[in-house]
Amino acid sequence: MATVPALQKPTAAPASAPAARTRRGRRKYWHLYAAISPFYLLFLGFGLIPVGFSLYVSLHRWDGLGPMEWAGLSQYRYLLGDSDFWGSVGNTVVIWALATFPMVLLAMVTAVMLNSAVRFKNVYRFAYFLPNVTSVVAVAIIFGSVFSTNFGLVNALSQAVGLDQVAWLNTPWGIKVAIATLMTWQWTGYNAIIFLAGLQTIPGELYEAARMDGAGPVQTFFRITLPMMRPVLLFVLVVSTVTGLQSFSEPQVLLQTTANDSTFSGGPGHAGRTMVLYFFQQTFDNNDFGYGAAVAWGIFLVVILFSIVNWRLVQRRGED
Amino acid sequence: MATIPGTRRPRAVKGTRSRGIALHSVLIVGLLLSAFPFYWAVIMSTHTTSDIFSYPPKLLPGSHFLENARHLFDNIDFFGSMFNSLLVAGSVTFLVLFFDSLAAFVFAKFDFPGKNVLFALLMAIFMVPAQLAAIPQFVIMAKLGWIGTMTSLIVPAAANAFGIFWMRQYMKGAIHDELLDASRIDGASFLRQYWHVALPVVRPGLAFLGIFTFMGQWNDYAWPLIALTNPDNVTLQVALSQLNGTHGTTDYGMVMTGALLALVPLLIVFAVGARQIIGDLAKGAIR
């Protein structure tokens with residue numbers, strides 16, 4: 001279509017040259033399209049088509065092998081009243097909150113301390129980052145032994161100081177605390193290092209001026225550090241919401257030895273069954289691909305809603 | 001940051017020093033907490049399971065590591081699954097480095113019709129959660145005959161939106177247009193420009209992406225657990241999880257030895273690339 005105006009004014013050759021020779025233009029660009037094509041082809045085959053297809057699957061009853069049976073919106077209607085699904089939403093949110101709030105607080109405190117400590121900064125950064133690069137499976141196995149009822153370190157410690165033993169991986173709150181502790185351990189250092197990078201971008205003159213005006217350390221933190229850190233805080237909160245609400249490996253590995261019916265059941269009383277665990281259980285244990293697809297879309301909506309709420313909360317505090 | 005203690009020092013030397021000691025004590029407690037689970041894994045993997053169950057708990061390493069390791073190698077194909085993990089993580093890293101940097105080069109340095117739309121699409125893909133695509137992916141791969149093989153892990157991961165975005169940001173700053181123009185005047189083809197002009201300049205960026213991709217693939221668990229349907233041919237993470245599921249309440253020393261040994265290759269990669277990865281991740285977050 002770009003050829004038409006170009007043909008109308010053949011005199012302006014240099015300016016309209018690229019538009020005038022579309023075929024040659026296409027030939028000119030083909031290597032660029034070829035260079036970016038692998039990602040888009042993979043995305044088409046393993047991203048876009050699957051996502052579209054999963055919407056289609058969610059409208060059918062299907063075991064993954066036999067014929068599909070049209071079900072309309074009935075599976076979404078069932079999802080709305082499925083107490084197991086909403087239970088898993090509750091579990092996920094409680095675990096996320098138990099992990100995220102201590103984590104963000106600890107990470108912020110650690111970052112502020114790291115920022116004022118001059119020596120060994122690189123040693124600390126290395127050590128604090130280490131938990132984040134280790135595999136969740138190995139770490140969950142290790143934490144399983146720390147929280148074990150019979151020989152776990154936590155119970156041995158509480159016995160030593162005369163407290164009652166807790167069957168951590170067998171009680172609803174014990175399970176959630178154990179999972180949240182694992183997540184906090186794995187992500188606090190990572191977030192502290194991101195906060196530290198943010199702190200280092202705050203100009204020193206700001207602190208200088210605050211000290212001139214006689215501001216104490218607490219006042220300086222709330223009046224300068226925290227406002228300047230809002231974008232980084234937002235980044236950390238959004239990432240931890242999106243990853244935390246889709247937690248799967250931590251509860252799956254931690255609770256697979258105490259689960260009696262399915263390895264996706266989330267432990268005794270399903271207290272550690274997160275949304276994604278429920279999705280895996282419905283789809284790959286029960287072979288209910290149709291309902292599994294509906295659950296996946298339900299999870300998607302919950303995650304989006306949560307991210308928006310998070311965003312709004314942090315933004316609004318910024319306007320005050 | 002160095003200005004703060006520097007200006008404070010002349011006023012109160014003593015106060016600064018005791019504050020420094022307090023600061024470092026707290027930071028060291030944090031460091032010990034970070035390191036403790038690794039130490040705990042060493043303790044458990046060097047004791048027999050009956051020692052592990054005894055009270056008071058063992059706090060120092062024991063002498064049964066080799067025995068536990070032998071049990072481990074008898075029970076699972078540890079080195080076979082480690083080979084699978086290396087194969088998957090290595091191939092994906094290689095493919096991602098090539099495809100992502102090539103696409104990033106195009107987005108960073110060239111103009112072509114539809115560029116903005118395609119890039120916006122790339123960013124939107126960031127947002128799609130994995131489980132939305134999981135069911136159809138499984139069905140498609142079953143049709144292709146890939147289920148149960150490492151191909152089902154390698155192919156879909158061969159290029160990703162994060163890497164393209166990351167390398168594009170890096171290349172925009174690192175590759176100077178004059179350099180590209182000069183090579184173009186010399187008659188360098190597109191691929192030649194990519195290989196001889198762009199790549200040598202962005203090596204640090206590639207190092208980060210490579211380490212990051214390798215570690216992510218090495219640790220990947222949810223999709224391999226579903227896609228690798230043959231229990232004798234799995235990646236290390238899935239093998240470990242199987243071990244924990246079947247022996248997790250009986251032979252703890254063995255399971256912990258497996259968990260510990262599985263961490264070793266990763267710790268080596270991290271130790272080599274730590275400076276790069278910590279610095280770059282933090283920079284990416286505050287950009």
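In which sense, left-handed or right-handed, does H7(A) pass H14(B)? The crossing of H7(A) with H14(B) is left-handed; a crossing counts as left-handed if the near helix is turned anticlockwise from the far one by less than a right angle, and as right-handed if clockwise.

1. Basis and numbering. This is a predicted model, in which local features need pLDDT of at least 70 and side-chain atom pairs count only at pLDDT 80 or more, while totals for chains, interfaces and linings use all residues. Residues are numbered from 1 along each chain as its sequence is written, and chains are lettered from A and ligands numbered from 1 in the order in which they are written.

2. Confidence. The model has an ipTM of 0.84 and a pTM of 0.85. Mean pLDDT (the predictor's confidence in each residue, from 0 to 100) is 83 for chain A, where 89% of the residues reach 70 or more. Over residues 1-21 of chain A the pLDDT is below 50, and this stretch has 9 contacts in the model beyond near neighbours in sequence. Two residues are in contact if their C-beta atoms, placed from the backbone, lie within 7 Å. Chain B averages 85, with 93% of the residues scoring at least 70. Residues 1-12 of chain B stay under 50, and the model has 12 contacts for them beyond four places in sequence.

3. Chain A overall. Chain A holds 15 helices and 2 strands; helices (H or I, at least four residues) and strands (E, at least two) are DSSP runs, numbered from the N terminus. Of its 320 residues, 42% count as buried. A residue is buried if 20 or more other C-beta atoms lie within 10 Å of its own, exposed if 12 or fewer, and partly exposed in between, with C-beta atoms placed from the backbone. Among contacts in chain A with a separation of 6 or more, 66% join residues 24 or more positions apart.

4. The interface. On the chain B side, 72 residues are in contact with 81 residues of chain A. Helix H15 (residues 252-286) of chain B gives the most to that side, with 14 residues. By class, the side of chain B that touches chain A has 58 nonpolar, 13 polar and 1 charged. Here Ala, Val, Leu, Ile, Met, Phe, Trp, Tyr, Cys and Pro count as nonpolar, Asp, Glu, Lys and Arg as charged, and the others, Gly among them, as polar.

5. H7(A) against H14(B). H7(A) and helix H14 (residues 236-247) of chain B pack at an angle of about 25°, with their axes 9 Å apart. That makes H7(A) roughly parallel to H14(B). Axes are lines fitted to C-alpha atoms, for helices over the stretch in contact, and angles run from 0 to 180 degrees between N-to-C directions. Angles under 35 degrees count as roughly parallel, over 145 as roughly antiparallel, 65 to 115 as roughly perpendicular and the rest as oblique. From H7(A), A:Val137, A:Ala138 and A:Ile141 meet B:Gln237, B:Leu240, B:Ser241 and B:Asn244 of H14(B). This contact has 4 nonpolar, 3 polar and no charged residues.

6. H7(A) within its own chain. Helix H7 (residues 136-146) of chain A also packs with helix H9 (residues 172-199) of chain A, at about 130° and with the axes 11 Å apart. The two helices are therefore oblique to each other, and the crossing of H7(A) and H9(A) is right-handed. The contact is made by A:Val139, A:Ala140 and A:Phe143 of H7(A) with A:Ala178, A:Leu182 and A:Gln186 of H9(A). In this contact 5 residues are nonpolar, 1 is polar and none is charged.

7. A:Val133. This residue is found in helix H6 (residues 121-133) of chain A. A:Val133 is buried, with 24 other C-beta atoms within 10 Å. Leaving aside neighbours within four places in sequence, A:Val133 is in contact with B:Met215, B:Leu266 and B:Phe270.

8. A:Gly298. A:Gly298 lies in helix H15 of chain A and is buried, with 23 other C-beta atoms within 10 Å. Beyond its neighbours within four places in sequence, A:Gly298 is in contact with A:Leu79 and A:Phe85.

9. Backbone points to check. A:His270 is not a glycine, yet has a positive phi of about 55°. A:His270 sits in the loop between helix H13 (249-255) and helix H14 (275-285) of chain A, and counts as buried because it has 23 C-beta neighbours inside 10 Å. A:Asn287, likewise a residue other than glycine, has a positive phi near 55°. A:Asn287 is in the loop between H14 and helix H15 (289-319) of chain A and is partly exposed, with 13 other C-beta atoms within 10 Å.
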